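This report goes through strand pairing, backbone angles, aromatic pairs and the nonpolar core. Please look over the sequence and the structure before reading on.

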Amino acid sequence: MAAKSKSIFRILFYNQNKVYELYAHEVSQSSMMGFIQIGDIIFGERSKLLVDPAEEKLKSEFGGVRHTYVPHHAVIRIDEVEKEGKNKIHDTDGSGISALPGSQFGLPRSD
């Protein structure tokens, strides 16, 4: 009997005018209203020769975190994927970011 492998999810969400791309084994509706719960974040194996600064930044931010909670309005998409990729932070200029209609949370103005 083959052991069932864990599902892998790619989660994209906005955080401080950047798009975070995380890979995790656990994604669910949080018991805290308005949040998605992300757990068991997957980090690639460290190579002694090559260090990815973006993934290292995310590892330092989320390394000791058992679960993180992302507001619903910040989530762009959640995909179940075949295998994990690299965790990344994508810079945005803010032009492609818009608040959801009726959202109580607005985006900061760049005046």
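## D40 and strand β3

D40 is found in strand β3. The model is a predicted one. The phi angle of D40 is positive, at about 55°, although D40 is not a glycine. With a relative accessible area of 29%, D40 is partly exposed, because a residue counts as buried under 20% and as exposed over 50%.

Leaving aside residues up to four places away in sequence, I41 touches L22, Y23, A24, F62, T68 and N87.

## Strand pairing around β2

β2 spans residues 18-29. Its pairing with β3 is antiparallel and rests on five bridges. V27 has I38 as its bridge partner in β3. The hairpin that β2 and β3 form has five residues between the strands, and in the turn G34 shows a positive phi of about 90°.

β2 also pairs with strand β6 (residues 88-91), again in the antiparallel sense, over four bridges. Here E21 is set opposite K88. A further antiparallel pairing, of seven bridges, joins β2 to β1. In that pairing I11 faces L22 of β2, and N15 has K18 as its bridge partner.

The hairpin of β1 and β2 has two residues between the strands. Q16 lies in this loop, and its phi is near 50°, a positive value in a residue other than glycine. At 72% relative accessibility Q16 is exposed, whereas D40, the other non-glycine residue described here with a positive phi, is partly exposed.

## Aromatic pairs

A pair of aromatic rings is described by the distance of the centres and the angle of the planes. The structure holds two such pairs. In one of them, the ring centres of Y20 and F62 are 6.3 Å apart and the planes stand at 85°, so this pair is edge-to-face. Y20 lies in strand β2 and F62 in helix α1 (residues 53-62), so the contact ties together parts that are 42 residues apart in sequence.

Y20 is buried at 4% relative accessibility. F62 is buried too, with a relative accessible area of 7%. Ring pairs also bring in F13, so that F13, Y20 and F62 are linked into a cluster.

## The nonpolar core

In soluble globular proteins, nonpolar side chains tend to be buried together. In this model the largest nonpolar core has 15 residues. Which residues have the most contacts inside it? They are F13, I38, I41, L58 and F62.

I38 is bridged to V27. I41 has F62 among the residues that it touches.

Terms used:
Residues numbered from 1 in each chain as written. Predicted model: local features only at pLDDT ≥ 70, side-chain atom pairs only at ≥ 80, totals over all residues. Heavy atoms only, no water. Phe/Tyr/Trp six-rings, centres within 6.5 Å; stacked < 30°, edge-to-face > 60°. Buried < 20%, exposed > 50% of the residue type's maximum accessible area, 1.4 Å probe, protein only. Core = buried A, V, L, I, M, F, W, Y, C linked by side-chain atoms within 4.5 Å. Contact = heavy atoms within 4.5 Å. Pairing = 2+ DSSP bridges.
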